[in-house]
Amino acid sequence: MLLEREGPLKALLAAARSAALGHGSIVVVEGEAGIGKTTLLREFAEHSDNSCRVLWGWCEALFTPCPLGPLQDMGQLLDPRVAALLKQAAPPERLFPALLNALQHSGDTIILIFEDVQWADNATLDLVKYLGRRISLLPTVLVLTLRSEEIGADHPLTHVMGDLPSQSVSRIALQPLSREAVAALTKQSGRCADDLYRITEGNPFFVTELLASETEPGPGRIPHSIRDAVWARLSRLTAGERKVLEVISIVPGGVEPWLVRALLGVEADTLLDQCLVRGLLRRDGQGTVMFRHELARQATLERLPPSLQRSLHSKVEAAISQVLTTKSPALLARRVHHAAGADDGARVLELAPQAAAHAARLGAHRDALLHLATALKYVAQATSQQAAQLYEDWAYEAGLALHVYEPVIEAHHRAIAIWRELGRTEKIGPNLCRLSRLHWRRGEGEAAEDCAAQAVCEMEKLPPGPGLAMAYSTRSQLRMLHYRFDEAIE
């Protein structure tokens, strides 16, 4: 039952009609967790004209997001050429124009739904900005859902939204249900509508979860009520049904059919059907299974002892590792997430650098940085060569993504010290060159020149090559800058 959402539904349908005439737009649907954003969009999809293609993609609360996660979800449903570029991890300068071309020549009105963009990776945010500046000329509506309580002034999404042309963006802020709407929902249950409204403050998910729990809500704030409601409902399930929910709760977002079968074996389909019939889970158009709401997943996960969580993370990572398909690069972020959740240092050290390299190729340097930071938590388990490379790669990505100095300089020094111990002279020079540039940007000319001179000395011990050229170039640039600086003073 869709209550008090007629206005937002009309606004979405109007945007779709305008896009059909070639005047696309971005619609931001925002509100607190559980306010009914996805429910509204399902209703919108059902009411959309037959000439509209509605495509869904999700941003997920992984330790490090999957680059271009929403676009990865759409895959072949959007355009085969775009899907092929995604599989190749093509850089944004090739991928984004291909997507734009597909939208321009689709022949249909395309509704792109990016769910939970508060968890979006950098590459997805770049894509939103790229499309946002061109959307007014496309037969496309880009719908972004976000949890308003998780978006602050310093959130990357805030900066992206500020850069979008205001005439192409409309916002729909969903409000809690009124006391009358809650009363309508509780009419058949025999519950006290006033008490339910007071405890839930009109949040639709909280209301429906408490009604589904078949228990009277006790005193306390909303998070406690919802946790208690979910836990009470779990306690009344069969052992098999609980097992399904516990296994699925370890995976943010949804779980593909192949992964469910790998984790639960031959009983997977039967147990899933039972949970779907009970309304505990839902299945999307591609067969992916997920909790009806993220809060229910989190509440289920909270019940699990840490040791069981680590075990389940390990099983999920092992199952994903068996998927030898063209989707393997896109699964790297998920594998790192689960390896870290399993506290498997060796696996993280193996996977995180691969995921970082994949993210960097897609232009998601902040995500690459986060993958490397995850690996550095286990640096004590790494070989000397692994450790040196991790510090070097982290420093490089941090220099691109964070624009900080002290941690980056420290990481380069750590890398240099280890490379020196290993006798890897060819690795020392490039690190010294980067250090030189960092010191120069900080206004530390003497330290910059010293690092450049050291780089030249190190690289002159080796046969001529790109490292030596880099060192000479760095030293020459510093001398030229000093010359110009001295001239300006005179």
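This is a predicted model: local features need pLDDT of at least 70, side-chain atom pairs count only at pLDDT 80 or more; totals for chains, interfaces and linings use all residues.
Colleague: How many residues of the contact of α20 with α22 are charged?

Modeller: α20 makes a left-handed crossing as it passes α22. Sorting the residues of this contact gives one nonpolar and two polar. The number of charged residues there is three.

Colleague: How many residues of the contact of α20 with α21 are nonpolar?

Modeller: On the α20 side, the residues include Ala387, Ala388, Tyr391, Trp394, Ala395 and Ala398, and among those they meet in α21 are Val408, Ala411, Ile418, Trp419 and Leu422. Across this contact, five residues are polar and two are charged. The nonpolar residues number 13.

Colleague: Why are the buried residues of α7 on the same side?

Modeller: In helix α7, residues 156–163, the buried ones are Leu157, Val160 and Met161. They lie on the same side of α7 because the arc they cover around the axis is only 100°.

Colleague: Which elements do the buried residues of α7 pack against?

Modeller: The residues concerned are Leu157, Val160 and Met161. Their partners include one helix, α6 (122–132). The strands are β1 (25–31), β4 (140–147) and β5 (169–173).

Colleague: Is aspartate 116 buried or exposed?

Modeller: Aspartate 116 sits in the loop between β3 (109–115) and α6, and its phi is near 60°, a positive value in a residue other than glycine. Its relative accessible area is 15%, and the cut-off for burial is under 20%. That residue is therefore buried.

Colleague: What is the relative accessible area of aspartate 343?

Modeller: Aspartate 343 also has a positive phi, near 60°, and it belongs to the loop between α17 (328–341) and α18 (345–361). This aspartate is partly exposed. Its relative accessible area is 48%.

Colleague: What separation do the C-alpha atoms of valine 255 and methionine 290 have?

Modeller: Valine 255 lies in the loop between α12 (239–249) and α13 (257–264), and it is buried, with a relative accessible area of 1%. Beyond its neighbours within four places in sequence, valine 255 contacts Ile248, Val260, Gly287, Thr288 and Val289. Methionine 290 is 35 residues away along the chain, yet the C-alpha separation is 6.3 Å.

Colleague: Finally, what percentage of the 490 residues in the protein chain is buried?

Modeller: The protein chain holds 24 helices and seven strands, and its C-alpha trace spans about 85 × 55 × 45 Å along the principal axes. Among contacts with a separation of 6 or more, 68% join residues 24 or more positions apart. Of the 490 residues, the buried share is 51%.

Note on methods. Residues are numbered from 1 along each chain as its sequence is written. Side-chain values use heavy atoms; hydrogens and water are left out. Buried means under 20% relative accessible area, exposed over 50%, partly exposed in between (1.4 Å probe, protein chains only). Helices (H or I, at least four residues) and strands (E, at least two) are DSSP runs, numbered from the N terminus. The arc is that of the directions from the helix axis to the C-beta atoms. Contact means heavy atoms within 4.5 Å. A crossing is left-handed if the near helix is turned anticlockwise from the far one by less than a right angle, and right-handed if clockwise. Ala, Val, Leu, Ile, Met, Phe, Trp, Tyr, Cys and Pro count as nonpolar, Asp, Glu, Lys and Arg as charged, and the others, Gly among them, as polar.
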